[in-house]
Amino acid sequence: MPSDNAPDLSDFATQPIFAGLPGDIRVSFEVFPPKTDAGEDKMLDAVKTLATLGPDFVSVTYGAGGSTRERSKAICERIAAEADVPVAAHLTCVNASKEETLEVADGLWNAGIRHIVALRGDMPNSDGALDVPFQAHPDGYGCAAELVEGLAGLHPFEISVSAYPEVHPEARCADEALDYLKRKLDAGASRAITQFFFSTDAFLRFRDCAAAAGIDKPIVPGILPVTDLARTRKMASECGAEVPDWIADLFEGLDDQPQARELVSSTVNAEFCRRLYAEGVRDYHFYTLNKSKLAYATCHMLGLRPVKPNKQEKAA
């Protein structure tokens, strides 16, 4: 429910768009390790722009099967040093023993990384597709809950875990998924970050069900801007998210109109977040796809303003 001091957003027809939003939101952003040095530089520029908004953290993903382990760690260290923002490193259970996994975590701690996003992870097949059933390493962690417990016993990490408003594709039912989420949080995680979704109702139902199941730790919605409809559909098919027909209709005919597509995307993204805001949501995690414009624009329309100058601008 909306907080007592939130602006009245109940009547979207008569309210001036995004009027009166006080910027009382908390945000975080996710990036992934680029394959090239040039791509890494562009990603870092995006992070530096987003860092001016004072995010709680920027998370760096971990390639399937640990394929970007070393590059992810190096990028975490570079972001922390050059963008002056808290960093969260992804860590998975795939293709590593418990000893090897904790060695990576210990290296992150020694590098000053205090926040880990603990995930079971996906196993790529020979073509790199994520359609191979998970198989735990003989001496490894069998699931994210076990990984959280191991990390919590190693160092006092801040730990985030994943959640699925539309149910994880491998879960037998929603209740089973909620029970497992509670297990991860009880093992030592401090928050859950959801997979992306495009239905505010789906998130709100999930949030209510989680509360009814005794989950009292924050559940942060993961927000993905639609920049490429085909790519979004592919990503959604891999994680059990639904891409509604209205989104497909909005982006129809925009494949060769990148500027128009970006305008439509930013409008949809911001309105989506505004509806969540009207229901009391104040924390947002943006999947940036290594770009800053759409996430920055959404934050701006929600009332968030820079709290510190870009380091590059300060140096100039």
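What follows is a chat about cavities and a helix pair in a predicted model.

Biologist: Before we start, what should I know about the model and its numbering?
Modeller: It's predicted, so to speak of local features we need pLDDT of at least 70, and side-chain atom pairs count only at pLDDT 80 or more, while totals for chains, interfaces and linings use all residues. Residues are numbered from 1 along each chain as its sequence is written, and side-chain values use heavy atoms, with hydrogens and water left out.

Biologist: Okay, how do helix α4 and helix α5 pack?
Modeller: Helix α4 covers residues 144–154 and helix α5 residues 174–186, and they pack at about 10° with axes 8 Å apart. The axes are lines fitted to C-alpha atoms, for helices over the stretch in contact, and angles run from 0 to 180 degrees between N-to-C directions. Helices here are DSSP runs (H or I, at least four residues), numbered from the N terminus.

Biologist: Which residues meet there?
Modeller: From α4 there are Ala-144, Ala-145, Glu-146 and Val-148, and from α5 Tyr-180, Arg-183 and Lys-184. Contact means heavy atoms within 4.5 Å.

Biologist: New topic: how many cavities of 30 Å³ or more does a search find?
Modeller: Five in the whole structure. A cavity is a set of points on a 1 Å grid over the protein atoms alone where a 1.4 Å probe fits but cannot get out, and its lining residues have an atom within 4 Å of a point.

Biologist: How much space lies in the largest cavity?
Modeller: About 70 Å³, with volume being the space filled by probe spheres set on the points.

Biologist: Which element gives the most to its lining?
Modeller: That's α9, with four residues.

Methods:
Helix = DSSP H or I, 4+ residues; strand = E, 2+ residues; numbered from the N terminus. 1 Å grid on protein atoms, 1.4 Å probe; cavity = no way out; pocket = protein on both sides within 12 Å on 5 of 7 lines; lining within 4 Å.
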